[in-house]
Structures are given as C-alpha cells and as structure tokens.
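Open your viewer and get the selection tool ready. We will take a short walk from the whole chain down to single residues.

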Amino acid sequence: MIIKRLDLKKQWHIEEKKLLPIVKNVLSSGIYVGGKHILSLESKLAKYCGTKYAVCTNSGTDALTIALHVLGIGRDDEVITQSNSFIASASCIAHLGAKPIFADVDENRRLDPNEIEKKITRKTKAIIPVHLCGDIGHMSLIKDIAKKNKLYVIEDAAQSIGSKLNNMKSGSFGDIGCFSAHPLKNLNAAGDSGFIVTNNKFYYDKIKFFNKSWFKRQGQF
Ligand SMILES: Cc1ncc(COP(=O)(O)O)c(C=O)c1O
C-alpha cells in the first residue's frame with residue numbers, strides 16, 4: 001500500500017471552497033481568540049474523544065504543560081515517561097521544575113509497565129505514556145499501577161487522535177489527555193494548536209482557568 005506524504009498545499013486546494021467562508025466569517029466577526037467556532041469545536045472534540053470536556057490550547061506542548069500544572073506537579077516532583085518521543089513529552093515536565101524520569105519501552109515502543117514500577121519513588125506524581133504514531137500504550141496496566149501508587153495518568157495523545165483500544169478512544173483513559181493539532185498531525189490547524197480532554201469537572205474548570213486563550217475569550221463576550 002502506498003501511503004502518500006502529507007501535502008498541505010494540496011490539502012488547502014481541496015478544502016479551500018469549504019474553509020474560506022468560515023475564515024471570512026471569523027475575521028469579519030472581530031473575535032480572533034475563542035468564540036463560537038472554538039466552543040463548537042471543543043464540544044465536537046469531547047464527543048469524538050468520548051470524554052465529557054475538551055479545551056482548545058495553543059499547542060500540544062501547552063496542553064501537556066497545563067495538564068501537569070493543573071494536577072499540581074512542580075518543583076521536586078518526578079514524572080515517569082518515555083524518552084523515544086518528541087521533546088515536549090519530557091520538556092513540559094522540566095519546564096514546571098519537576099524531573100522527567102525515563103522508563104524503558106517494550107518491543108513495540110510503548111512504555112513498559114514493568115519498567116514503570118521500577119522507577120517509582122516517593123517523589124513520583126504522575127505517568128505520561130505517549131501513544132506514538134496512533135499506537136495506544138498498555139493503558140489498563142498503567143492505570144492499575146497509578147491507582148496502586150496514587151499517581152496521575154496524563155496521556156500524551158499528540159499523535160493519536162481517533163485511535164481506539166477496547167472501544168475507548170485515546171485521551172480518554174487517564175486523568176487528562178493531551179493532543180496536538182500541529183499542521184503535520186492528522187487533525188491539523190493552520191499554525192500551532194492543540195487541545196486537552198478530561199472527564200473530571202474539577203480539572204476542566206482548572207484547565208480553563210489556566211488556559212490563557214480562555215481568559216481572553218471571556219473578555220470578548
Ligand atoms: C508525542 C508528541 N508530544 C507532544 C507534541 C507537542 O505538540 P505541539 O507540536 O503541538 O506542541 C508532539 C508534536 O509533535 C508530539 O509528537
């Protein structure tokens with residue numbers, strides 16, 4: 001099977017007729033941050049991912065950073081993740097003053113639950129499995145480990161919108177799921193973009209509180 005490389009210029013030509021009126025509508029509304037289109041997108045994203053809530057962010061990196069911050073992760077905390085990923089999976093942990101701890105992956109490049117257990121210390125606060133190339137990790141084992149050790153699970157679902165495991169969509173397994181809508185991702189924006197999903201109302205409210213775009217959006221209503 002031939003898998004064609006992504007051609008963004010070609011994609012624009014295919015979608016131009018449909019997208020131009022929407023772009024015109026947004027630009028003529030004067031509401032350039034948030035607005036009804038973003039609210040509608042958030043509710044569609046939540047529905048698509050099988051979660052109660054979704055919040056659009058400036059990027060997948062922002063999504064991960066906000067998720068960690070909302071869960072109270074910061075200085076001196078440790079977060080277990082995998083090193084075979086884009087730099088943001090680990091850099092967002094360091095950005096908040098916490099320490100990324102790398103656990104090894106299995107032969108399918110998924111975070112190995114046995115290796116996670118070896119890395120848990122009293123400083124560990126969360127686990128970030130990365131669903132590389134749409135491949136969802138060992139979520140039920142990871143959730144068991146998290147429950148046993150009172151840890152949060154944040155899914156780095158930047159590369160996995162629409163992936164399913166046991167009839168559940170990526171991003172809906174852990175406490176918070178983080179997606180990228182970078183132009184090279186399957187759901188792509190014309191610029192940096194991302195979103196967060198969760199089923200937890202308390203986290204959702206906090207995510208909105210810390211998400212700069214949401215504040216600005218309120219100012220425009
Ligand atoms: C696994 C993974 N995590 C996080 C990110 C960060 O997303 P963004 O580029 O939207 O900040 C990416 C982007 O490539 C990614 O592939």
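Here are the stops, starting with the whole protein.

This is a predicted model, in which local features need pLDDT of at least 70, side-chain atom pairs count only at pLDDT 80 or more, and totals for chains, interfaces and linings use all residues. Residues are numbered from 1 along each chain as its sequence is written.

**Whole protein.** Show the cartoon: there are eight helices and nine strands (DSSP runs numbered from the N terminus; helices are H or I with at least four residues, strands are E with at least two). The C-alpha atoms fill a box of roughly 55 × 50 × 30 Å along the principal axes.

**The core.** Next, select Ala 67, Ala 126, Ile 154, Cys 178, Phe 195 and Ile 196, which have the most contacts inside the largest nonpolar core, a set of 51 residues. Such a core joins buried Ala, Val, Leu, Ile, Met, Phe, Trp, Tyr and Cys residues through C-beta atoms within 7 Å; buried means 20 or more other C-beta atoms within 10 Å of a residue's own, with C-beta atoms placed from the backbone. Now colour helix H3, residues 60-70: this helix gives the most to the core, six residues. Across the protein, 39% of the 221 residues count as buried.

**Phe 195.** Which residues is Phe 195 in contact with, leaving aside neighbours within four places in sequence? They are Leu 45, Ala 54, Val 55, Cys 56, Thr 57, Ala 63, Phe 179 and Ala 181 (contact: C-beta atoms, placed from the backbone, within 7 Å).

**The ligand.** Finally, select the ligand, which 15 residues surround (C-beta atom, placed from the backbone, within 6 Å of it). The closest are Ser 59, Gly 60, Thr 61, Ala 158 and Ser 180. H3 and helix H4 (88-95) are the elements that give two or more residues to this shell.

Terms used
A residue is buried if 20 or more other C-beta atoms lie within 10 Å of its own, exposed if 12 or fewer, and partly exposed in between; C-beta atoms are placed from the backbone. Two residues are in contact if their C-beta atoms, placed from the backbone, lie within 7 Å.
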